[in-house]
Amino acid sequence: MYLPGYYEYSCRVKIVAGHDALEGIPALLRHVGARRPLLVTDKGVAGAGLVDIVRQAIGDRLEIGAVADDVPPDSDLKVVHRLSALYRENGCDAMIAVGGGSVMDTAKGINIVVSERAEDLMKFSGSGALKRPLKPLIAVPTTAGTGSEVTLVAVIKDHERHLKMAFVSFFLLPDAAILDSRMTLSLPAPITASTGMDALTHAVEAYYCLSKNPLSDVTALAAIRLISGNLLKVVRKPSDREGRLAMANAATLAGMAFSNSMVGMVHTLGHATGSVCGVPHGVCMAILLPYGLEYNRHKREVVMGELLFPIGGPGIYGQTAPEDRTNRVIAYVRQLNEDLHEMTGGRHARFLGEVIDREGNPAVPRERLPDIARTALGDGSIFYNPEDLDYDDLLMVLEAAWEGMPLDSGRIRKG
Amino acid sequence: MFQSAHTFVFCSPAKVLSGNRALENLPVELAGMDACRPLILTTAGLAVRGMERIMAGAFADSQLTVGFFTGVPPCPDRELVRTLYGLYRDRGYDSLIALGGGPVLTVAKALNIAVSGEPEDLEAAAAGTLESKELRPLTAIPNLDVSGYEMTRYADLASLSLTAPTAIPGLLVLDHRTVPAEDRKTTAAAALLTLTQAVEALLHPGRNHLTDAYAYGAARFIMENFRTALKNPSERGSRLALANAAFFAQTAFDNLSGGKIFCLGMAISRRCAVSPGLVMGLLLPHGLLMEMDREETPGKDLFLAVGGAEDYALVEEGMGLRKTVDRCVELLLELQSLIPDYPRSIRDIGLKKSDLEELPGAADEVTGRGTLALPEVRYLLDKAWETRF
């Protein structure tokens with residue numbers, strides 16, 4: 001076990017996980033003195049019937065003050081202010097956020113406004129502006145991937161002023177995360193695949209990047225073990241409740257790991273690809289993860305080799321010579337992408353050139369790679385990557401990832 | 001709290017700062033919680049060892065006003081909490097820092113319950129019915145003289161057994177300077193108590209992915225660091241690893257409950273006034289052998305935590321528990337060779353044959369829940385009584 005010279009770790013979110021975890025919401029809220037929550041969600045989640053499942057599980061044991069089901073895919077400052085007013089008008093005293101990253105971010109933003117009795121959320125942007133606990137917030141994730149149910153960050157966009165503001169505070173952590181298999185049973189196979197790879201990337205980067213610590217390590221290892229044992233199973237058989245619950249647990253464990261250790265170049269390039277070309281985050285993570293491993297292996301060979309244990313199990317780990325373990329880890333991730341590609345009828349992309357947009361056009365034209373590389377240079381995660389990256393390095397990785405070719409080890413910087 | 005057989009609940013509310021100059025970050029953390037006037041509680045022994053000076057140094061550049069109370073005794077009682085309640089209120093403190101393990105954390109938790117509400121709240125905490133409102137900020141800075149309860153909801157204040165999830169310290173600071181080298185027996189006891197909590201968490205029927213992860217981390221840190229911590233006490237990294245392990249194991253323990261080895265060890269320790277970890281170490285191999293007799297042993301991964309991935313990968317299917325027993329016995333023998341008067345049996349710590357009758361019941365009272373199978377506890381006790389390592 002690795003103990004760094006200094007580390008910090010915090011995840012005070014109560015985790016409630018099970019096939020009927022949703023039924024625990026009324027007691028959880030009563031426990032913290034709340035009786036009338038605002039339910040925050042989006043149209044996709046509501047349309048999939050997930051809000052009905054949540055309401056049914058709550059039954060008449062708790063009165064929902066109001067339902068806000070129009071959170072946009074991209075969090076929005078005006079929406080936060082409008083829903084804060086809805087919260088106040090309906091005499092709410094807590095929130096239940098049902099959804100993915102944008103819903104969680106929006107709920108956290110509303111929580112700042114209503115708890116601080118603020119007129120303008122933006123006064124609380126940055127780190128350390130909050131000094132006291134906010135209203136109770138229960139997070140119910142509907143994908144097994146982002147881990148935002150256990151992160152202390154909210155990103156809210158001011159679309160009018162073209163600003164993207166981050167809010168960072170210990171007090172933004174939800175009071176509880178409810179991991180219930182019913183929330184992901186209807187998730188389509190390609191989204192199950194990409195969100196699962198998102199969680200895998202969180203855990204793998206948390207484990208080999210520079211700010212790893214013992215608690216991010218043990219949660220990352222547990223997440224990887226669950227993902228390697230369950231991702232293909234749930235893509236093959238979406239109704240596998242045990243597999244779905246295992247993946248929900250894995251995503252939360254991975255969220256705990258990466259939010260306390262930071263992530264590296266897979267996220268650096270993934271954020272930039274998402275920003276420049278609008279590619280979903282999980283798709284970027286799946287494609288770029290093997291490249292993060294290849295690019296950094298000369299600095300993290302032993303640490304990466306350790307990942308073969310949760311990935312391959314004790315038999316494969318014991319039979320593989322230490323110097324071959326990282327090769328097998330990288331091969332496993334590539335094979336996982338191949339298997340997911342096949343199982344989703346080709347909808348899980350294996351390389352950037354294969355990603356298509358909603359209209360069926362290439363989502364990442366090759367000529368945009370320089371723009372992505374330039375954008376990536378400004379991403380904060382680049383500082384936590386074991387090996388340095390400049391523009392040329394980023395472009396070299398992007399070109400390989402566009403074609404789906406392994407990196408040329410002779411071209412990798414050896415700092 | 002609703003909880004079906006298939007649902008688990010896990011919570012670890014503490015933020016941890018561990019390592020070089022972690023103490024220097026404490027003022028910023030307190031300011032972030034709106035605390036500007038902390039009362040530091042510690043023992044006279046730790047104050048003499050220079051801890052008061054180290055703490056004062058950490059706050060020197062801050063705007064915070066710090067108070068000290070250096071009189072926490074080994075067995076604090078309610079009278080002390082009343083006295084400190086008056087001191088806290090009269091001098092306008094707004095938060096607490098517990099510097100030291102065991103009794104310091106006991107007092108700090110009890111005092112925090114009192115000052116965050118009223119002294120009568122201690123009765124509610126003893127009945128397990130304390131309201132779940134936030135308490136004042138409490139920081140724990142434990143050393144290696146651990147009770148196993150520091151980062152848990154439990155505190156035994158003389159005859160008052162408190163249980164309050166909100167009493168778990170919200171901040172944990174582990175700094176080389178506040179985890180000083182202890183005598184070898186104290187360090188060994190800390191390692192064995194922590195290992196017992198980790199092992200029993202990995203065997204617990206209510207275990208989950210998170211308790212497993214924390215217990216795994218605890219067991220690995222103990223097995224990889226106890227030798228260095230004992231042979232070379234000045235090697236600060238090993239001491240800090242043991243202190244981290246204690247936190248991890250206590251978190252797993254807090255989310256599950258004490259097993260029979262922990263509870264019996266605690267009961268014997270109270271009867272004989274000896275460190276609980278030393279007793280638990282003598283019980284551990286027997287407790288594990290009892291698990292081997294079960295048809296279904298939940299601890300498939302136990303040897304992964306105790307032996308590490310390399311050794312686990314080489315162990316034949318079904319032999320993990322046996323190997324874990326072997327490692328625990330090896331550990332005991334190693335401790336005996338390193339520490340001259342290390343007990344080799346529970347007979348060496350002043351236990352009498354006549355005590356055996358009452359001890360299973362006393363062990364069951366440690367959890368206060370009547371969850372232990374008393375015949376099993378008696379069997380474990382008898383086995384330990386008959387054995388000399």
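Two strands pair if DSSP finds at least two bridges between them, and helices (H or I, at least four residues) and strands (E, at least two) are DSSP runs numbered from the N terminus. The model shown is predicted: local features need pLDDT of at least 70, side-chain atom pairs count only at pLDDT 80 or more, and totals for chains, interfaces and linings use all residues. Residues are numbered from 1 along each chain as its sequence is written, while chains are lettered from A and ligands numbered from 1 in the order in which they are written.

**Figure 1. Strand E6 of chain A and its two partner strands.** E6(A) spans residues 137–141. In E9(A), Ala176(A) is the bridge partner of Ile138(A). E6(A) and strand E9 (residues 176–180) of chain A run parallel and are joined by two bridges. Strand E4 (residues 94–99) of chain A also pairs with E6(A) in the parallel sense, over five bridges. In that pairing, Gly99(A) stands opposite Pro141(A) of E6(A).

**Figure 2. Burial along strand E6 of chain A.** A residue is buried if 20 or more other C-beta atoms lie within 10 Å of its own, exposed if 12 or fewer, and partly exposed in between, with C-beta atoms placed from the backbone. Five of the five residues of E6(A) are buried, so the strand is largely enclosed by the rest of the structure. In a regular strand the side chains alternate between the two faces of the sheet. Leu137(A), Ala139(A) and Pro141(A) point one way from E6(A), whereas Ile138(A) and Val140(A) point the other way.

**Figure 3. Chain A as a whole.** The secondary structure of chain A comprises 14 helices and nine strands. The radius of gyration, taken over C-alpha atoms, is compared with a globule rule of 2.2 Å times the number of residues to the power 0.38. Chain A has a value of 21 Å, close to the 22 Å that the rule gives for 415 residues, so chain A is as compact as a globular protein of that length. Along the principal axes, its C-alpha atoms fill a box of roughly 65 × 50 × 45 Å. Of the 415 residues of chain A, 57% count as buried.

**Figure 4. The two domains of chain A.** Chain A is divided into domain 1 (14–183) and domain 2 (189–411), with bounds that come from an automatic or database domain assignment. The C-alpha centres of the two domains lie 28 Å apart. Two residues are in contact if their C-beta atoms, placed from the backbone, lie within 7 Å. By this criterion, 17 residues of domain 1 of chain A are in contact with 21 residues of domain 2 of chain A. On the domain 1 side, E1 and E9 of chain A are the elements that give two or more residues.

**Figure 5. The contact between chains A and B.** In this view, 41 residues of chain B are in contact with 41 residues of chain A. The elements of chain B that give two or more residues to its side are strand E1 (8–19), helix H8 (209–231), helix H9 (236–255) and helix H13 (309–314). The largest share, eleven residues, comes from E1(B). Strand E1 (residues 6–18) of chain A pairs with E1(B) in the antiparallel sense over nine bridges. Val16(A) stands opposite Val9(B) in E1(B).

**Figure 6. Helix H15 of chain B.** In helix H15 (residues 359–367) of chain B, the buried residues are Leu359(B), Pro360(B), Ala363(B), Asp364(B) and Val366(B). They cover an arc of only 145° around the axis, which puts them on the same side of H15(B); the arc is that of the directions from the helix axis to the C-beta atoms. The buried residues of H15(B) pack against helix H10 (260–272) and helix H16 (374–386) of chain B. Just after H15(B), Gly368(B) takes a positive phi of about 70°.

**Figure 7. The hairpin of strands E6 and E7 of chain B.** Strand E6 (residues 154–157) and strand E7 (residues 160–163) of chain B pair in the antiparallel sense over four bridges. Tyr154(B) stands opposite Thr163(B) in E7(B). The hairpin has two residues between the strands, and Ala158(B) takes a positive phi near 50° there.
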